[in-house]
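Open the model in your viewer and keep the selection tool ready. We will go from stop to stop, selecting a few residues each time.

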Amino acid sequence: MAAATAKVVCVTGGSGYIGLWLVRLLLDRGYTVNATVKDLNDEKETKHLEAFEGAESRLRLFQIDLLNYDSIVAAVTGASGVFHLASPCTVSKVHDPENELLAPAIKGTINVLTAAKELGVKRVVVTSSVSAIVPSPSWPSDVPKSEDCWTDEEYCKQKEVRGSFFCTYFQDKCFGDHALSKVARENYHVASILRDVKLFALRWVDIVVVNPGTVMGPMLPPTINASMQMILLLIQGCTDTYENFFMGSIHVKDVALAHILVYENTSATGRHMCVESISHYGDFAAKVAELYPEYIIPRLSKDTQPGLMRSKNGAKKLVDLGLEFTPLEQIIRDGVESLKNKGYLS
Ligand SMILES: NC(=O)c1ccc[n+]([C@@H]2O[C@H](COP(=O)([O-])OP(=O)(O)OC[C@H]3O[C@@H](n4cnc5c(N)ncnc54)[C@H](OP(=O)(O)O)[C@@H]3O)[C@@H](O)[C@H]2O)c1
């Protein structure tokens, strides 16, 4: 087993929307990064990573398949920390959701944690989601939701809520892709399995969790990810209110920084809600309309998330670690300008 070096970390999903920002910030901080991609021969995945300052001497790329344990071992070898972001998240039609979405998400997390334990990794940061916090209708409506709040699996089962993977949720709603109904019904499992993974992992390896809201801001990858599709869809007139999963927005750079803060502060434990504020999707849509009157933004009702108490202090744990959240206006401006620059909007 290679000796783990303090400054070597592994980032799974390094070619993704959040992953690219995280790799960039880690390189800026002097880390050596083992970043994973799905296909080393695909320039769309590698080119942006290789262009970062410091990449030439301190970035190593690994091809992994989340279902292939050995491929993960190669990427984690020598690292003292792992950031586990890789997870399927798509807006394309999914023919076999069980195998294409759920298996890599769940088995992949277990594979990464197992490799981390076997290879003597000191700390693992797992990227979860606010979708492991909501929907939780029995939480008192006069108390802001916090890291203590867990997605209500029974409610999801009864209502067939498509909440835990927002991408499949809005794919189903906005693209009418009913092939996803099966995975949509079962997605509540992802939240519970993340919880289970967390519990068993606690006995194995030091693990800390980030729960981002809807991530927006400048896009580094050449392709658009699921959360940036959301703002694009809104501007294109989609009236979905994401009732069961929206909890607030967050700047992509802040999410990346949150991962580093919880990694470096070994006193940080458990989950970390990562939203600029706990807010309703209607607040977000109204702000987009105010900032961009040239687009015809649907007028949504004020309380698009019934029972969700708004709060400026939702991410107090991260604020206490020193994170200064980018305000909503800037998140929206950075997101929309990036969509324009990449040609998604005129
Ligand atoms: N964006 C949000 O609003 C948001 C909110 C909460 C939580 N999250 C979580 O944050 C993480 C990153 O999200 P993102 O928005 O950055 O998504 P993204 O842009 O779609 O990135 C996902 C990454 O995972 C990799 N990946 C997917 N399936 C894989 C597989 N089977 N084997 C190996 N690698 C695989 C992708 O590789 P390729 O580039 O090759 O496809 C990509 O690098 C995910 O865990 C997501 O659930 C995101």
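**Stop 1: around the ligand**

Select the shell of residues around the ligand. Its residues divide into 12 nonpolar, 10 polar and 3 charged. Remember as you look that this is a predicted model.

Which residues come nearest to the ligand? Of the 25 residues around the ligand, pick out Gly13, Gly16, Lys38, Ser87 and Ser227, which come nearest.

Now colour helix 1, residues 17-28, and strand 7, residues 214-216. Each supplies at least two residues of the shell around the ligand. Helix 1 gives the most to this shell, with 3 residues.

**Stop 2: the whole protein**

Zoom out and switch to a cartoon view. The protein has 14 helices and 9 strands. Of its 346 residues, 50% count as buried. Look also at contacts in the protein with a separation of 6 or more: residues 24 or more positions apart account for 77% of them.

**Stop 3: the largest nonpolar core**

Next, go to the largest nonpolar core, which has 90 residues. Select Val9, Val23, Val76 and Val82, the members that touch the most other members. Then show helix 11, residues 252-264, from which the largest share of this core comes: 9 residues.

Stay with Val82. What does Val82 touch, not counting residues up to four places away in sequence? The list is Val9, Cys10, Val76, Val112, Ala116, Val121 and Val124.

**Stop 4: Ala115**

Select Ala115 in helix 5, residues 97-118. Is Ala115 buried or exposed? Ala115 is buried, because 26 other C-beta atoms lie within 10 Å; the cut-off for buried is 20 or more.

Leave out residues up to four places away in sequence, and Ala115 touches Tyr69, Ile72, Val73 and Val76. Now draw a distance from Ala115 to Ala74. The two are 41 residues apart along the chain, and their C-alpha atoms are separated by 9.2 Å.

**Stop 5: two crossing helices**

Show helix 10, residues 226-235, together with helix 14, residues 328-341. Two packed helices are described by the angle between their axes and the distance between the axes. Here the axes come within 11 Å and cross at roughly 85°. Helix 10 and helix 14 are therefore roughly perpendicular to each other, since angles of 65 to 115 degrees count that way.

From helix 10, take Met228, Ile231 and Leu232. From helix 14, take Gly335, Val336 and Leu339, which they meet. The residues of this contact divide into 5 nonpolar, 1 polar and no charged.

**Stop 6: helix 12 and its cover**

Select helix 12, residues 281-291. Its buried residues are Tyr281, Asp283, Phe284, Ala285 and Val288. What covers them? The cover includes helix 10, strand 8 and helix 14.

**Stop 7**

Follow the loop between helix 10 and strand 8 to Gly237. Not counting residues up to four places away in sequence, Gly237 touches Ile296 and Pro298. Gly237 and Pro298 are 61 residues apart in sequence, and 5.8 Å apart in space, C-alpha to C-alpha.

Tyr242 also has its place in the loop between helix 10 and strand 8. Why does Tyr242 count as buried? The reason is its 22 C-beta neighbours inside 10 Å. Check its backbone too: phi of Tyr242 is near 50°, a positive value in a residue other than glycine.

**Stop 8: a cis peptide bond**

Jump to Pro135, in the loop between strand 5, residues 123-127, and helix 6, residues 153-159. The peptide bond from Val134 to Pro135 is cis, with omega near 5°.

**Stop 9: His48**

Finish in helix 2, residues 43-50, where you will find His48. His48 is partly exposed, because 18 other C-beta atoms lie within 10 Å. Leave aside its neighbours within four places in sequence, and His48 is in contact with Leu20, Leu220 and Pro221. Last, draw a distance to Ser15. His48 and Ser15 are 33 residues apart along the chain, with 8.0 Å between their C-alpha atoms.

Terms used:
Residues numbered from 1 in each chain as written. Predicted model: local features only at pLDDT ≥ 70, side-chain atom pairs only at ≥ 80, totals over all residues. Near = placed C-beta within 6 Å. Helix = DSSP H or I, 4+ residues; strand = E, 2+ residues; numbered from the N terminus. Nonpolar A, V, L, I, M, F, W, Y, C, P; charged D, E, K, R; others polar. Core = buried A, V, L, I, M, F, W, Y, C linked by C-beta atoms within 7 Å. Buried ≥ 20, exposed ≤ 12 C-beta atoms within 10 Å, placed from the backbone. Contact = placed C-beta atoms within 7 Å. Axes fitted to C-alpha atoms, helices over the stretch in contact; angles between N-to-C directions. Parallel < 35°, antiparallel > 145°, perpendicular 65-115°, else oblique.
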